[in-house]
Every structure is written in structure tokens, then in C-alpha cells.
Amino acid sequence: MTSVTDNLPLAADFPKATDADWRKLVDGVLKGAPFEKLVGKTYDGLKIQPLYPRTKGAALLTGRAAAAPWLIMQRVDHPDAAAANAQALQDLENGATGLEIEFAGGPGARGFGVIDADPATLARLFDGVFLDAGVAISLNPVAGRQDAGTLFADMVEAKKLDPAGIDVRFNYQALSTFAVRGAALAPWSEYEAPFARIVSGLIGRGFKGPFVLADGRPVHDAGGSEAQELAFVLSLGATYLRMLERGGIDLDVARQAVSFRLSADADQFLTMAKFRALRQLWARVEQACGLAPRPAFIAAETAWRMLTQRDPYVNMLRATIATFAAGLAGANAITVLPHTLARGLPDPFARRVARNTQLLLLEESNLAKVSDPAAGSGGIETLTSELCATAWALFQEAEKAGGAFAALQQGLFQSKVAATRKAREANIAKRRDVLTGASEFPNLHEADATVLDVKPIALPPSGEPKCKFDALAPMRLAAPFEALRDKSDAALKARGTRPSVFLANLGTPADFTARATFAKSFFEASGIQTVDSEGFADPAKLAAAFKASGAALACLCSSDKVYAEHAEAAARALQTAGGRHIYLAGRPTEAEAALRAAGVTGFVFAGGDALATLQDAYLRMEQA
């Protein structure tokens, strides 16, 4: 008996598709528009083509053993050691395989952190944690404060544990801390010898390390690009290598003492390319030192700058994409920032979600079972290669400046990051870079996410700095829109109502629905609540509905055709009814002058500077 599929053509019977065939189809869709319209661009200026050929003979880039999972790290950042200990034990009992210990005042503490590293504090913090049972510890000492690394080693010795059997990364990161503070208590030359002695002492006591962290988060937090973050960590790594070698540590031992940390964000492919690029770049540094490359330890942390305070549950999705990308790109350890961290110290639910984000990807999606799945992917391989070239050039600039500390003193990193940050902020303001729940698709009626009732920590300076320079100050992309939402919340608390805008819809739903929907998202992103309406043809009825709404602002919404016939009359009617600030949803046209003469004071449209328009709206309401 024959099957219905027996007569279907085999794949070999179809003609092989060519780039020319694809381009012909694309040109038909573009209808005369330039092909460059389909080509994206990163903040490093790298072009993202719509189609790439497969890369043949690509090498695997991974630092993990075949099918080995990454370490599931969980932040421990409660100021109280007893509470931090309870969190740590719960995390370990429920799937975490490592603890990320953040101390107050550190560059990644985000306003919280274990209050100090006193012996009593450390003893309470690690009470019940079996340090010699395979638990990974990532310790983050704070430059200029207690030497948490040496104090931890003293605790291990007091417990009579074998240092070689403890999986601890000490993460000394003085240069990253200086970069965030914009200051150092002394020149780097005065830090090198004592720093190297600390590392030598820990090596001598039998710890495996690594001991020093080249941390790229300051650049990412400050709005920098992928290549800038890579160049920064390379410069830190090279500076630490020189420091350790000058301190009498063999170069082969010194390179194993250095580990790396990068931020992972919701741009999946760029994140994957960045992590893969670091492996290639550091291998090149090792070769330049006369060493045969070994896989570096690269940790990932989901990005601080992408977190939003508003609609924080969307942060879960961002973190999932970031973790997915870092895991597939071979990260050795991943820390997921809880989705409510931008609002305060996360509660048990947020910590559970952070753990489970990784557990689901590892245990249910089995992401670790495939080594470097991006290998051979034309797009990701090309991005990896181009990031390597761009980052290496920036790294060479820092080397010519005299290394990481000298480059910071000269503002080399800061000036480049500031330019990228400015471009990024402009795209956020124009909503070209979308932040769901913050700049787009806001929910003014969202329920508050709970956080612990713990106040952020403000520590006094640890001394008067001798070296000052521009800081790589952390930022969150959503903050400008959230500041406007805060104003709306303050008005709601004080008066019982939010500021509002009346959607002056003209014509039928087919005419106004698209632009009314756009205007609702536009204004409510700043907390200005929209008052919807049915379509109007009579200016007098429109004016009466506006007056009854009590709104301070009005926005005309309809099609270009209806605008041509009715917008001027509608604007005059709104102005007569007391509308001092009238917007029109749509781009300005040749009728702009007439519309403004009729009372329209602004235009809202995709690609316009939404943030500036909304800030101006609040200013106008305050002046009314």
C-alpha cells in the first residue's frame, strides 16, 4: 500500500536556494526601499546583517567540561549576618550550588551587602554551611575596608579545614572598585606590592583560587558597549598579571589566579558573542605572555542596568534571556539578580525565582548538555570576531596609556563609555530601545512587588583619596521614565487622582483606535493617566466631554484623513473649553502651522523624543 507521502519530492529534487534568490524576494518586499534598512547596528558600530552564511570549521569556545552545568550562584547581601545565613542555607537547600557574598560598599552590592567581615560576622554568616562539601563560594572583598579574604582564610584554618578542598573565589577587585568610586586612596603603584603579598599568602596557605577578579560590570552598569566592557576586563586582567608577576608569583600561577566577570543582558546574541569573545581575547593575552592558553574562569551576572522598578515581573523574562545566553556561551558561574532588586532588598519569593530561573534552564531545558551551540553560527561567529577586533584595539589604547589605572586617571574608559551612554539614553528617550513595562506598555494599576523592610546602607568614606578621576557611575535605563511615574504617584497620594490626558478621538473607531492606543501607552509611561472617549464629529460635544473629564491635557487621535477635515476645528473647541496644552497623535505635516495656530501645542509620534515631551508635559501642568 502506498502512503500519501510517497510521491512527495525529496529535498534533493528542489533547486538549491542562493543568496541571489533570497535577495530577489527581499527586494520585492522592500519595494524600492534601500537594503540597508534591514541592517542593524550595535553601540560599537558593528553591523548586524539580516542573513549570514554558516561558518565552517569553527572551534568550540567553552570553559566548562563537556555536559557540565554552570554554578548556580545566589546573592547573599542581607546586612544582618544571621538573616544572610538563613537566606544562604535556604538557597543551598533548594538548588543553589554556590553563594555570591556581597559586602556593603562593594561595587556590586547595589546599596546592601553583609555589613562587615569581622570574624564573628563571618562565623555567623557561614554557620551550617559545609565549606568542604563542594559549595562554591564567591567572596567579594571591598577595597579600602576589611580584608575579607584573609579573614575568611583565618576562619577556614580555625575550623581545621583543608584549604585545597574548598571551592572559593576571592574576587579581589580593587581596580573595579576605584572605577566605580572615581577615586583611590593612593596611586596604583602603592597597592601593587601589598596586593600581591595577600595573594601570595593565600596561595601559600593552600587555597586554589582564583584570587583576583577582572570585573566588567562597572562599564556595563555605566551604559557602556560590549567591546568597551571587554577592553576594560582585558586591561584589568593584564594589569593584575603584571602586579602578581612583580610580586614574585610565577606567571603561569598568576594567570590561574585571575578570573573574569561580565554582565549578561537581554540582548541574547550580543551577550553570547561577548562571552565567547572574552575567551579568544584572553587566550591571545596568554599567548603574548608566552603561555599556552588555558580556559579562563568567567562568571556572569544578569545586568543591573536593565532592571526596572515598574512592572518588575518583566525582569524575570529579561533575566531568563540573559541567563540563557551566558549559559550557552560557556559561563562557568551565573548569578541572577532578583527581579525586585531595583526596588529594595529582595524577599524570599524573588530569591526563589532567581534560583529557579537557572534550575529550569539546567534541569528541564538541559542547556548545559551541548557545548557551545553557537559554534558555526554565521551571525554569532561574525559578531564574536568583530567584537574581538574592536575590543582589542580599545585594549591596546589602554595599554599605551600605561595600563588600567593610568587609563582611568586619563579618562580613557570613561569618555568612551559616556559617549555610548549618551547615545543609549537618547534611544531610550525616543523609545527606539524599548523597556517593556517602563517606556512601553505601562500598567498604572500594577500591584506593588514586596521587598524586605531593610534600608540601603550608606557607609562613610574609608579615607581621603589621593587620586581622583571621573567615576563609571551605575545607571538604570528605566530611571528617567520611573522618575515621572514617581511624580504621578505623589500626585495620587496628595490629591487622590493622577495627572490625566483626555484622548480626543475623532471619527469612527477605525479612524482613531491605532493612534489612541499609541497615545495611551505614550502618556501612561510617565504616569499621566488617559481618559478615553468615543469618536466625535461635533466639536461642541468634544469640548463638553473634555471639560467633564477634568483632564489637564488633551490629545487628538485619528487618521490623517480625518485630521485634514476636522483637527483644526477640534483643537479650537478644546482650547475654548480650557485646553491649554493640546497634543496631536501623529507626525507634524505641512498643516503644522495651521494646527498650532488652532491650539495644538505638540505632536506625539513613534521616534520622537518621548521623554522630553513627557517631562515638558509635567512642567506645563505645574505651571498651570
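Is C555 buried or exposed? I looked it up and found C555 buried, with a relative accessible area of 0%; buried is under 20% relative accessible area, exposed over 50%, and partly exposed in between, with a 1.4 Å probe and protein chains only.

I note that this is a predicted model, in which local features need pLDDT of at least 70, side-chain atom pairs count only at pLDDT 80 or more, and totals for chains, interfaces and linings use all residues. Residues are numbered from 1 along each chain as its sequence is written, and side-chain values use heavy atoms, with hydrogens and water left out.

**Cysteines**

I searched for disulfides (a pair of cysteine sulfur atoms within 2.5 Å) and got zero. The closest cysteine sulfur to that of C555 belongs to C557 and lies 4.1 Å away, which is too far for a bond. C557 is in no disulfide either. C557 also counts as buried, at 0% relative accessibility.

**Whole chain**

I counted 21 helices and 17 strands in the protein chain; these are DSSP runs numbered from the N terminus, helices being H or I with at least four residues and strands E with at least two. The radius of gyration is 28 Å, close to the 25 Å from the globule rule for 624 residues, so the chain is as compact as a globular protein of that length. The radius is taken over C-alpha atoms, and the rule is 2.2 Å times the number of residues to the power 0.38.

The C-alpha trace spans about 85 × 75 × 60 Å along its principal axes. I found 52% of the 624 residues buried. For contacts (heavy atoms within 4.5 Å) with a separation of 6 or more, 78% join residues 24 or more positions apart.

**Helix α5**

I then went to helix α5, residues 174-181, and found six of its eight residues buried. The buried ones are A174, L175, S176, T177, F178 and A179. Their cover includes β7 (183-184), α6 (188-204), β8 (212-215), α7 (217-221), α8 (226-246) and α14 (404-409). Just after α5, I noted a positive phi of about 75° at G182.

**A426**

My last entry is A426, which sits in helix α15 (residues 412-429). A426 is partly exposed, with a relative accessible area of 34%.
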